[in-house]
Amino acid sequence: METNNSEIVTSSSSSSAADEIDAEAEVFENYTCNSQRIGKPHPGEICESGLLASVSLPTLTYPLDVFEGHLINESKLSSLQLEGVAYACQRHCRFLPDGTRAGFFIGDGAG
């Protein structure tokens, strides 16, 4: 009987690990920068929640030519980092009703 119990525990552990991997695949998706085409690829693997992935970013209207030069030519920032900076710059160009500039928050959880 002990053999049967250990077999059951082993098969249960295997399906539990597979279930966790499946759940993780449903929760997270790989992120690719689609808002602009400048900068080198980001060196790390980037993912986002499935809910965030289902919503498109607003159109990027900030002029990207301001990033040309050493930021691009020397690969100082990745395309993902440049995307965040471009959206921050775009937002800071707007003024709120009280005359102050609009802000931008990057909540990427990078630590």
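Guide: Let us start with Glu83. Leaving out residues up to four places away in sequence, Glu83 touches Tyr31, Cys33, Asn34, Ser35, Gln36 and Leu57. Contact means heavy atoms within 4.5 Å. The model is predicted: local features need pLDDT of at least 70 and side-chain atom pairs count only at pLDDT 80 or more, while totals for chains, interfaces and linings use all residues. Residues are numbered from 1 along each chain as its sequence is written, and side-chain values use heavy atoms, with hydrogens and water left out.

Visitor: Is Glu83 buried or exposed?

Guide: A residue is buried under 20% relative accessible area, exposed over 50%, and partly exposed in between, with a 1.4 Å probe and protein chains only. Glu83 has a relative accessible area of 6%, and therefore counts as buried.

Visitor: In which element is the place of Glu83?

Guide: Helices (H or I, at least four residues) and strands (E, at least two) are DSSP runs, numbered from the N terminus. Glu83 has its place in helix 4. The buried residues of that helix are Ser79, Leu82, Glu83, Gly84, Ala86, Tyr87, Ala88 and Gln90, and what covers them includes helix 3 (70-73).

Visitor: How is the span of helix 4 to be judged?

Guide: The expected span of a helix is 1.5 Å times one less than its number of residues. Helix 4 has 14 residues and reaches 20 Å from its first C-alpha to its last, close to the 20 Å expected.

Visitor: Which elements does the protein have as a whole?

Guide: There are four helices and two strands, and along the sequence they follow the pattern α-β-β-α-α-α. Buried residues make up 16% of the 111 residues in the protein. Among contacts between residues at least 6 apart in sequence, 55% join residues at least 24 apart.

Visitor: Gln36 was named among the contacts of Glu83. Why does Gln36 count as buried?

Guide: Gln36 counts as buried because its relative accessibility is 4%. This residue lies in the loop between strand 1 (28-30) and strand 2. Apart from neighbours within four places in sequence, Gln36 is in contact with Leu60, Leu64, Ser79, Leu82 and Glu83. The C-alpha atoms of Gln36 and Ser79 are separated by 7.6 Å, although the two residues are 43 residues apart along the chain.

Visitor: Where does Asn30 lie, and is Asn30 buried or exposed?

Guide: Asn30 lies in strand 1. Its relative accessibility is 66%, so Asn30 counts as exposed. Not counting residues up to four places away in sequence, Asn30 touches Ile46 and Cys47.

Visitor: What is the volume of the largest pocket?

Guide: On a 1 Å grid over the protein atoms alone, a pocket is an open set of points with protein on both sides within 12 Å along at least five of seven lines, and lining residues have an atom within 4 Å of a point. Grid points are joined across faces, edges and corners, and a volume is the space filled by probe spheres set on the points. Here the largest pocket has a volume of about 1000 Å³.

Visitor: Which residues lie nearest the centre of that pocket?

Guide: The pocket is lined by 30 residues, of which Tyr31, Glu48, Leu57, Leu80 and Glu83 lie nearest its centre. Helix 4 gives the largest share of the lining, six residues.

Methods
On a 1 Å grid over the protein atoms alone, a cavity is a set of points where a 1.4 Å probe fits but cannot get out, and a pocket is an open set with protein on both sides within 12 Å along at least five of seven lines; lining residues have an atom within 4 Å of a point.
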